[in-house]
Amino acid sequence: MDILVGILAVVVGLTVATAGLRIFFLLLPIWGFFAGFVVGAAGTTAIFGDGFLSTTLGIVLGFIVGIIFAVISYLWWYIGVLAAAGTAGAAFGSSLFAAIGVDANWFLFFIGIIFMVLFILAALFINFPTWLIIVGTAMSGAAAVIAGLMLIFNKIDRADLGNGVAWDAIADNWWLWLIWLVGASLGIGAQLSSAAAVVLPEDKWTTARGSYSV
């Protein structure tokens with residue numbers, strides 16, 4: 001099962017990293033569902049101390065929260081931009097400080113929160129949603145690929161996916177951090193090559209619709 005989940009993570013990660021902008025609207029409800037699923041399942045783990053996805057309650061709550069997140073992401077597409085920006089900011093900030101030698105988990109968490117807020121504010125007040133989507137999806141996709149490979153080669157357990165273990169491994173290892181950075185950069189380059197074909201809605205608070213020029 002770990003190998004299957006790892007392969008799925010690699011495939012999804014590659015797709016998101018290299019084509020995140022073009023499939024942004026298609027994936028919004030899907031991303032929302034998975035984000036909500038992880039929040040619900042991880043919340044159950046944090047409250048009851050069970051392993052990630054190891055109980056029926058965690059799976060059921062994950063599905064319920066996932067559906068709620070999916071609906072919200074569909075109704076207001078810019079929430080997806082904010083989520084992508086916040087995720088990218090938290091990952092970038094905590095990984096950057098970990099790469100320069102900071103190893104206190106509480107401090108890295110605090111730094112991640114600060115960068116997450118800064119990136120979300122940038123998404124709200126700076127009118128560069130295309131760049132935010134490209135950077136956010138490229139960073140998240142590259143991290144998913146690394147997590148999938150680590151799962152395939154038994155470097156992490158499936159039960160740890162909801163606990164940020166993959167991000168911790170990237171932050172604590174110069175080589176993994178460099179691979180993640182290069183992978184995200186390649187993803188950004190791949191998306192920029194087709195960015196001109198994507199037209200985002202002028203209204204930020206509308207349903208998830210996208211159009212593409214021929």
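## Overall organisation

Of the contacts in the protein chain with a separation of 6 or more, 75% are accounted for by residues 24 or more positions apart, where contact means heavy atoms within 4.5 Å. The model is predicted: local features need pLDDT of at least 70, side-chain atom pairs count only at pLDDT 80 or more, and totals for chains, interfaces and linings use all residues. Residues are numbered from 1 along each chain as its sequence is written, and side-chain values use heavy atoms, with hydrogens and water left out.

The protein chain contains eight helices and two strands, taken as DSSP runs numbered from the N terminus (helices H or I, at least four residues; strands E, at least two). Their order from the N terminus is α-α-α-α-α-α-α-α-β-β. Of the 214 residues in the protein chain, 38% are buried, that is, under 20% relative accessible area with a 1.4 Å probe, protein chains only.

## Nonpolar cores

In soluble globular proteins, nonpolar side chains tend to be buried together. The largest nonpolar core here has 18 residues; such a core is a set of buried Ala, Val, Leu, Ile, Met, Phe, Trp, Tyr and Cys residues joined through side-chain atoms within 4.5 Å. Phe 24, Trp 77, Tyr 78, Val 81, Ala 123 and Ile 133 have the most contacts inside it. Two or more residues each are given to this core by helix H2 (24-48), helix H4 (77-99) and H6, and H4 supplies the largest share, five residues.

A second, separate core has 14 residues, among them Ala 88, Met 139, Ile 146 and Trp 177. Ala 123, leaving aside neighbours within four places in sequence, is in contact with Tyr 78, Val 81, Leu 82, Ala 85, Leu 132 and Lys 204.

## Packing of H1 against H8

Helix H1 (residues 2-19) packs with helix H8 (residues 174-192) at an angle of about 55°, and their axes are 6 Å apart. Axes are lines fitted to C-alpha atoms, for helices over the stretch in contact, and angles run from 0 to 180 degrees between N-to-C directions. H1 is therefore oblique to H8, since angles under 35 degrees count as roughly parallel, over 145 as roughly antiparallel, 65 to 115 as roughly perpendicular and the rest as oblique.

Val 16, Ala 17, Thr 18 and Ala 19 of H1 make the contact with Gly 187, Ile 188, Ala 190 and Gln 191 of H8.

## Thr 137 in H6

Thr 137 lies in helix H6 (residues 129-152). This residue counts as buried because its relative accessibility is 2%. The side chain of Thr 137 reaches the backbone oxygen of Ile 134 at 3.2 Å.

Technical notes: Buried means under 20% relative accessible area, exposed over 50%, partly exposed in between (1.4 Å probe, protein chains only). A polar contact is a pair of N or O atoms within 3.5 Å; within protein, one must be able to donate a hydrogen and the other to accept it, and residues adjacent in sequence count only if both atoms are side-chain atoms.
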